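We will go from the whole chain to single side chains.

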Amino acid sequence: MATRRTPRFKECRRLGVNVCGHPKAMDRAGAPAFKKTKKTSDYGLHLIEKQKVKAYYGILEKQLRRYFDKASRSSEMTGVALLVALETRLDNLVYRLGFASSIRMARQMVSHKHIAVDGKVINIPSFAVKVGSTISLVEKARKSEQFKKAFLGDNKAKLEYLERDADNFCGKLARLPQRSEIPVQINDQMVVEYYSK
């Protein structure tokens, strides 16, 4: 299974936004050594927005292209449909619900069979979660101090489309997210333009 292995903090500085969610990721972003001296071209701006999507969701180019092709056939606006599809991936929802402290950790939790959807263990990070589905830690994983600390800690912003149940170590996708609710700094129109060229 292919995974992204690029240095996270360096990627955050290059893209100009904290895509990995680590509090120290942008500490050195203002240092003179990392200041851009050349103006970025239009193509460069479009490319950066596309790279942000890949970094936020921890996916590769081939996967993103597949999501884009599917979103372009949707009745919704392509950019919104793309982000909604990525937001409802199992590994992303595990991260958003607070089971994991990063998208990489969430992906690993899913592939190592620590997560169940509606009581059934799923080990496919790209699994598309349906509205109303309950995502929970399997019984064995609930004994892990690392997982408990991540889930019970108040380190995640409350999202309207998710419901968390701290007592039972589970959460639910209550409804599909609106574009304004998705916590990513991406110009989705630029992503659409990049792939439409």
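How many helices and strands does the secondary structure of the protein come to? The answer is 8 helices and 5 strands. Helices (H or I, at least four residues) and strands (E, at least two) are DSSP runs, numbered from the N terminus.

Before you select anything, note that this is a predicted model: local features need pLDDT of at least 70, side-chain atom pairs count only at pLDDT 80 or more, and totals for chains, interfaces and linings use all residues. Residues are numbered from 1 along each chain as its sequence is written, and side-chain values use heavy atoms, with hydrogens and water left out.

**Stop 1: the whole chain**

Color by secondary structure. From the N terminus, the order is α-α-α-α-α-α-β-β-β-α-β-β-α. Now show the surface. The accessible surface is about 11200 Å², and carbon and sulfur atoms hold 51% of that (Shrake-Rupley method, 1.4 Å probe; for residues, only the protein chains shown count as cover). Of the 197 residues, 46% are buried. Buried means under 20% relative accessible area, exposed means over 50%, and partly exposed lies in between (1.4 Å probe, protein chains only).

Contacts come next; a contact means heavy atoms within 4.5 Å. Among contacts between residues at least 6 apart in sequence, 57% join residues at least 24 apart.

**Stop 2: helices H3 and H8**

Select residues 61-72 for H3 and residues 188-196 for H8. Their axes come within 12 Å and cross at roughly 100°. Axes are lines fitted to C-alpha atoms, for helices over the stretch in contact, and angles run from 0 to 180 degrees between N-to-C directions.

Show side chains. H3 brings Glu-61, Leu-64, Arg-65 and Phe-68 to the contact, and H8 brings Val-192, Tyr-195 and Ser-196. These residues divide into 4 nonpolar, 1 polar and 2 charged. Here Ala, Val, Leu, Ile, Met, Phe, Trp, Tyr, Cys and Pro count as nonpolar, Asp, Glu, Lys and Arg as charged, and the others, Gly among them, as polar.

**Stop 3: Glu-61**

Stay in helix H3 and center on Glu-61. Is Glu-61 buried or partly exposed? At 30% relative accessibility, Glu-61 is partly exposed. Leaving out residues up to four places away in sequence, Glu-61 touches Lys-50, Lys-54 and Tyr-195. Gln-51 is 10 residues from Glu-61 in sequence and 8.9 Å away in space, C-alpha to C-alpha.

**Stop 4: salt bridges**

Side chains of opposite charge can pair when their charged atoms come close. A salt bridge is a side-chain nitrogen of Lys or Arg within 4 Å of a carboxyl oxygen of Asp or Glu. By this rule there are 10 salt bridges.

Select Lys-52 and Glu-49, which meet in a salt bridge at 3.2 Å, N to O. They sit 3 residues apart in helix H2 (residues 42-57), so about one helical turn separates them. Both Lys-52 and Glu-49 are buried.

Go on to Glu-181 and Arg-175, whose closest N and O atoms are 2.6 Å apart in a salt bridge. Glu-181 is buried at 19%, while Arg-175 is partly exposed at 31%.

Finish with Asp-188 and Arg-179, a salt bridge with closest N and O atoms 2.8 Å apart. Asp-188 is buried at 17%; Arg-179 is partly exposed at 22%. Elsewhere, salt bridges that share partners join Lys-50, Lys-54 and Glu-61 into one network.
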